[in-house]
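Biologist: I am new to this structure and would like to learn how to read it. Could we go through it feature by feature?

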Amino acid sequence: MRISGVQLFIFPHAGGSEISYVSIEKELLPETVTSTICYTGRGRRIHEPFQKDMEAMAMDCMKIVQQKRKEELPLVFLGHSLGSLIAFETMNCMRRHGLELPELVFFSGRKGPAATEKNNRSLLSDKELLDCLSRMGGIPDAFLQHPDFLSFYLPIIRNDLRLNDTYRYQPHEAFDIPFVVMNGTDDEHVGPEPALSWKEHTRAACYQEWLEGNHFYFSDATTFSRTLSKYFSMHFPHLQLSRFKACI
């Protein structure tokens, strides 16, 4: 049997949910089976309590991957910002449990897990946090001024930022998985060489892609999806992905 696609799991950013990546899912080719992970406390899991630490979050995400895994397709992970950290720790959790690891991973909008972040955004006042979110983009300013939206959203973003603020990297054996490090050219949060801080965690290739935009540069879903497809074609040449080549 010839394999005719890939399975992509997307790990959302802090405050993100399944709907945050709908535009990307629509732009990806039909051969891509995509699942955007829904963290607890939002979306269809709104009534479930937030995860309190990264270990619990990684375990929860691992179970979701197990439930939705299509064994006949190559496995790919994509994480953005906090989602990159969650994807990385999910991989460590899967390795500890002897599960199949992804064959290709995209880390977007964040420095590597061992890189220290000194800001504690989860402790900001509401006004300071809203100002920070406005500068980063990704949420229309009109939403950030709407009381009903804020009463729902602020607890979610604060919990997610707390996971990031309290995360402490524990040294692990490097993976044998190609990494693609993607960032926006105007994103001041990742620094000039984010790929260097990811390279130490893999013995395989580590590529770097800069796309135009800020922290939420993937709002240009077409360009972002074409970049993903380029690497699918590069790393899975045996697949029946003829249309991928038109995207390169």
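Biologist: Let me start with one residue. Is Met57 buried or exposed?

Modeller: A word first: this is a predicted model, so every value here is computed from it. A residue counts as buried when its relative accessible area is under 20%. Met57 has a relative accessible area of 1%, so this residue is buried. Met57 lies in helix 2.

Biologist: Which residues does Met57 touch, leaving out those up to four places away in sequence?

Modeller: Met57 touches Tyr39, Gln51, Ile86 and Leu163. Distance is another matter: Met57 and Ile10 are 47 residues apart along the chain, and their C-alpha atoms are separated by 14 Å.

Biologist: How do helix 2 and helix 3 cross?

Modeller: The axes of helix 2 (residues 54-68) and helix 3 cross at roughly 75° and come within 8 Å. The two helices, helix 2 and helix 3, are therefore roughly perpendicular to each other. On the helix 2 side the contact is made by Met54, Met57, Ala58, Met59, Cys61, Met62 and Val65. Helix 3 contributes Leu82, Leu85, Ile86, Glu89, Thr90, Cys93 and Met94.

Biologist: At what angle do the axes of helix 4 and helix 6 cross?

Modeller: The axes of helix 4 (residues 126-136) and helix 6 cross at roughly 80° and come within 12 Å. Helix 4 and helix 6 are therefore roughly perpendicular to each other.

Biologist: Now the nonpolar core. How many residues does the largest one have?

Modeller: The largest nonpolar core has 43 residues, and Phe11 and Phe77 have the most contacts inside it. Helix 3 (residues 82-96) gives the largest share of this core, eight residues. Apart from it lies another core, of 25 residues, including Phe216, Phe218, Leu228 and Phe236.

Biologist: What does Phe11 touch?

Modeller: With residues up to four places away in sequence set aside, the contacts of Phe11 include Tyr21, Ile37, Tyr39, Cys61, Phe77, Ile86 and Thr90.

Biologist: Let us turn to aromatic rings. How many aromatic pairs are there?

Modeller: Two rings pair if their centres lie within 6.5 Å, and the angle between planes then sorts the pairs, with under 30 degrees counting as stacked. The count comes to 18 aromatic pairs. Take Tyr21 and Phe218: their ring centres are 5.1 Å apart and their planes are at 20°, so the pair is stacked. This pair links distant parts of the chain, 197 residues apart. Tyr21 is in the loop between strand 1 (6-11) and helix 1 (22-27), and Phe218 is in the loop between strand 6 (206-211) and helix 8 (221-235). Tyr21 is buried at 1% relative accessible area, and Phe218 is buried at 7%.

Biologist: What kind of pair do Tyr207 and Tyr231 form?

Modeller: Their ring centres are 5.3 Å apart and their planes are at 50°, so the pair of Tyr207 and Tyr231 is tilted. Tyr207 is in strand 6 and Tyr231 is in helix 8, 24 residues apart. Tyr207 is partly exposed at 26% relative accessibility, whereas Tyr231 is buried at 3%.

Biologist: Which residues do ring pairs link into a cluster?

Modeller: Phe88, Phe107, Tyr169, Phe175, Phe179 and Trp198 are linked into a cluster by ring pairs. A charge can also sit over a ring: the charged end of Arg95 is over the ring of Phe175, 3.9 Å from its centre.

Biologist: And the backbone? What is phi of Ser81 near?

Modeller: Phi of Ser81 is near 55°, a positive value in a residue other than glycine. Ser81 is in the loop between strand 3 (75-80) and helix 3, and it is buried, with a relative accessible area of 14%.

Conventions:
Residues are numbered from 1 along each chain as its sequence is written. This is a predicted model: local features need pLDDT of at least 70, side-chain atom pairs count only at pLDDT 80 or more; totals for chains, interfaces and linings use all residues. Side-chain values use heavy atoms; hydrogens and water are left out. A nonpolar core is a set of buried Ala, Val, Leu, Ile, Met, Phe, Trp, Tyr and Cys residues joined through side-chain atoms within 4.5 Å. Buried means under 20% relative accessible area, exposed over 50%, partly exposed in between (1.4 Å probe, protein chains only). Helices (H or I, at least four residues) and strands (E, at least two) are DSSP runs, numbered from the N terminus. Contact means heavy atoms within 4.5 Å. Rings of Phe, Tyr and Trp (its six-membered ring) pair if their centres lie within 6.5 Å; planes under 30 degrees apart count as stacked, over 60 as edge-to-face and the rest as tilted. A charge sits over a ring if NZ of Lys or CZ of Arg is within 6 Å of the ring centre and within 35 degrees of the ring normal. Axes are lines fitted to C-alpha atoms, for helices over the stretch in contact, and angles run from 0 to 180 degrees between N-to-C directions. Angles under 35 degrees count as roughly parallel, over 145 as roughly antiparallel, 65 to 115 as roughly perpendicular and the rest as oblique.
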